[in-house]
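Please read them with the structure open.

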Amino acid sequence: MRTLLRLLSTTFKRIRRNPYNASGAVAVMFLTFFVGGSFILISLASNKILSYYESKPQVIAFLKDGTTQEQIDSIKTDLEKTDKIESIEFVSKEQALEIYKERNQSRPELTEFVTADILPASLEVSTRALEDQTEIAKLVAAQPQVEDVAFLQEVVENLTKWTKTIRYVGISVITFLILTSIFVTLVVIGLNISLHKEEIEIMKLVGATERYIRTPFLFEGAFYGLLSALISTLAAYAAVVWLSPFVNRYLGEFSIVPVNPVVFVYLLGAEALVGIFVGSFGSYVATRKYLKV
Amino acid sequence: MITFDEVSKQYNLTSALSDINLEIEDGEFVFLIGPSGAGKSTLLKLLIREELPTAGRILVGERDIASIPESQVPHLRRTIGTIFQDFKLLPQRTVFENVAFPLEIIGLPDEEIQRTTMETLKLVSLDERAEHFPWQLSGGEAQRTAIARSMVQRPDILLADEPTGNLDPQSAWEVMQILAKLNKLGATILMATHNFDITNSLPHRMLEIREGKIAKDTKVKKETKEVKGAKK
């Protein structure tokens with residue numbers, strides 16, 4: 001424990017004496033974690049948008065006027081047989097009018113002359129998986145009492161495509177940045193090793209073990225990672241707070257913001273672990289390469 | 001006891017030492033003399049395993065230091081103090097911190113480090129300078145700091161490679177007095193030097209090395225040593 005504290009003290013003294021090296025390493029790692037964190041937050045947001053759509057009826061079957069309860073039950077039975085249905089809800093003409101009025105309450109000119117008669121009754125169908133909606137829509141459309149079918153195929157397909165793209169681009173960019181961080185740490189620690197060449201030589205002469213000489217450099221790399229993770233999480237939090245009004249204005253119905261603060265705690269935890277690993281790994285490679293003990 | 005048994009050291013095709021047979025008793029003060037490149041520093045480097053012999057055995061006590069595992073080398077170096085012409089002090093540490101450094105490495109408690117370091121600094125008359133940095137010291141004081149650092153773990157053997165090479169005669173004399181004192185306290189001392197005035201100033205055994213071989217081994221009786229040392 002005593003030795004550990006002495007090694008930590010050596011680490012921080014070295015960092016203080018070479019602030020530019022430390023800043024360079026932290027800046028590159030900050031970029032890695034900020035971009036990485038942003039991709040994670042965007043991924044979470046797109047998942048939230050997808051769940052929003054999943055929670056809504058994806059297929060709406062507008063029924064012909066005069067459809068009887070038996071016919072409606074028969075359609076329900078046919079759909080439930082597929083085993084892909086989460087729920088089916090019947091919306092009467094009167095309920096449709098209420099929904100219409102509620103959605104357009106700020107624009108009375110649109111609701112003034114609308115009555116329940118001109119709105120069709122409908123069946124709102126939610127599928128268990130979004131990809132089943134096309135099949136269910138076709139099945140619904142084939143029913144004789146169904147006049148028209150609306151479903152969210154294009155929106156959901158696009159959204160799924162975008163989510164996947166974000167994920168792939170994110171993984172590629174993060175991988176590239178992590179590798180860059182490892183190389184930068186390697187160079188910075190390598191430089192520090194050459195700056196402390198004399199000190200290392202003296203340490204060897206007075207009987208310091210390899211571990212005693214190597215450990216402060218590993219701590220140094222790990223500290224860069226930890227500090228970068230902390231700063232980037234704070235920056236991500238600040239960015240989310242700053243962007244919240246804009247996000248709410250344009251994507252308010254999806255309830256993306258406010259982001260649960262627990263998300264940032266997890267983000268910090270994950271980034272700290274990756275940071276410590278990346279920093280110590282870069283340092284470890286540097287000590288293997290440049291530190292001849 | 002230090003024993004060199006048929007020790008040779010070659011760098012590529014150049015022979016630095018060849019067939020060295022040597023025994024040094026505990027508590028001896030040995031000067032290694034000879035021209036530059038004769039092999040004096042190589043002999044000292046072999047003793048702290050900074051170099052490995054090409055052939056032969058080097059025994060320190062019972063241990064063959066050429067065959068100890070790499071992980072044991074730091075432990076070997078803790079039992080052999082070393083001082084150099086260029087002092088090799090850490091410029092950003094105070095005199096106290098430089099001397100305390102070997103004790104920190106072995107993980108001693110702060111109180112023990114404080115006590116042992118101050119005791120050692122008193123031995124070299126530097127306790128008043130404990131908070132000074134190396135650049136605030138004279139050459140003699142810097143070398144005495146280096147001696148204190150080499151002795152702080154109370155090693156049985158002290159190796160000195162041209163320790164007076166950068167010093168004025170007065171400082172060199174002070175350093176020699178300290179080395180003589182440490183020798184009287186029981187330390188075995190091997191000192192490489194060019195300075196014949198120095199070698200004449202103390203009772204000693206003198207090994208002359210030329211072209212990698214021991215050219216002359218002059219032993220001086222202990223009694224004579226003490227008389228000569230006392231006169232100076």
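1. Start with the hairpin formed by β4(B) and β5(B), which has two residues between its strands. In its turn, B:Gly61 has a positive phi of about 65°. Bear in mind throughout that this is a predicted model. Strand β4(B) covers residues 55–60 and pairs with β5(B) in the antiparallel sense over two bridges. Across this pairing, B:Leu59 stands opposite B:Asp64 of β5(B).

2. One residue to look at is B:Val7, whose bridge partner in β2(B) is B:Ile20.

3. β1(B) also pairs with β4(B), in the antiparallel sense and over five bridges. What is the bridge partner of B:Asp5 in β4(B)? The partner is B:Arg57. These two residues also form a salt bridge, with their closest N and O atoms 3.6 Å apart. Over all chains, the search of the whole structure finds 20 salt bridges.

4. Chain A has its own open sheet of four strands, with the order β2-β3-β1-β4 and antiparallel pairing. The edge strands are β2 (85–91) and β4 (146–151) of chain A, each pairing on one side only. From one strand to the next, the twist averages 20°. β2(A) runs antiparallel to β3(A), residues 122–127, and six bridges join them. Within this pairing, A:Val91 has A:Ser122 of β3(A) as its bridge partner. Helix α3 of chain A, residues 69–80, packs on the sheet and touches β1 (59–63), β2, β3 and β4 of chain A. The helix direction makes about 165° with that of β2(A).

5. Another part of chain A to inspect is the pair of helices α8(A) and α9(A). Their axes come within 10 Å and cross at roughly 145°, with α9(A) spanning residues 210–251. On the α8(A) side the contact involves A:Ile200, A:Met203 and A:Lys204, which meet A:Tyr212, A:Ile213 and A:Phe217 in α9(A). By class, this contact has five nonpolar residues, no polar ones and one charged residue.

6. Now the interface between the chains. Chain A and chain B bury about 1800 Å² between them, and 56% of this is on carbon and sulfur atoms. A:Arg6, A:Leu205 and A:Val206 supply 34% of the area that chain A buries against chain B, more than any other three residues. The contact takes 16 residues from chain A and 23 residues from chain B.

7. What holds polar or charged groups opposite one another here? Between chain A and chain B there are seven residue pairs in polar contact, counting pairs with both residues at pLDDT 80 or more. The rule finds two salt bridges across the interface. A:Arg6 forms a salt bridge with B:Asp110, the closest N and O atoms being 2.6 Å apart.

8. Which elements give two or more residues to the side of chain A that touches chain B? They are α1 (2–17) and α8 (197–205) of chain A. The largest share, seven residues, comes from α8(A). The residues on this side of chain A divide into six nonpolar, three polar and seven charged.

Notes: Residues numbered from 1 in each chain as written. Chains lettered and ligands numbered in written order. Predicted model: local features only at pLDDT ≥ 70, side-chain atom pairs only at ≥ 80, totals over all residues. Heavy atoms only, no water. Pairing = 2+ DSSP bridges. Contact = heavy atoms within 4.5 Å. Buried area = accessible area lost by both parts, 1.4 Å probe. Salt bridge = Lys/Arg side-chain N within 4 Å of Asp/Glu carboxyl O. Polar contact = N/O pair within 3.5 Å; in protein donor to acceptor, adjacent residues only side chain to side chain. Nonpolar A, V, L, I, M, F, W, Y, C, P; charged D, E, K, R; others polar. Axes fitted to C-alpha atoms, helices over the stretch in contact; angles between N-to-C directions.
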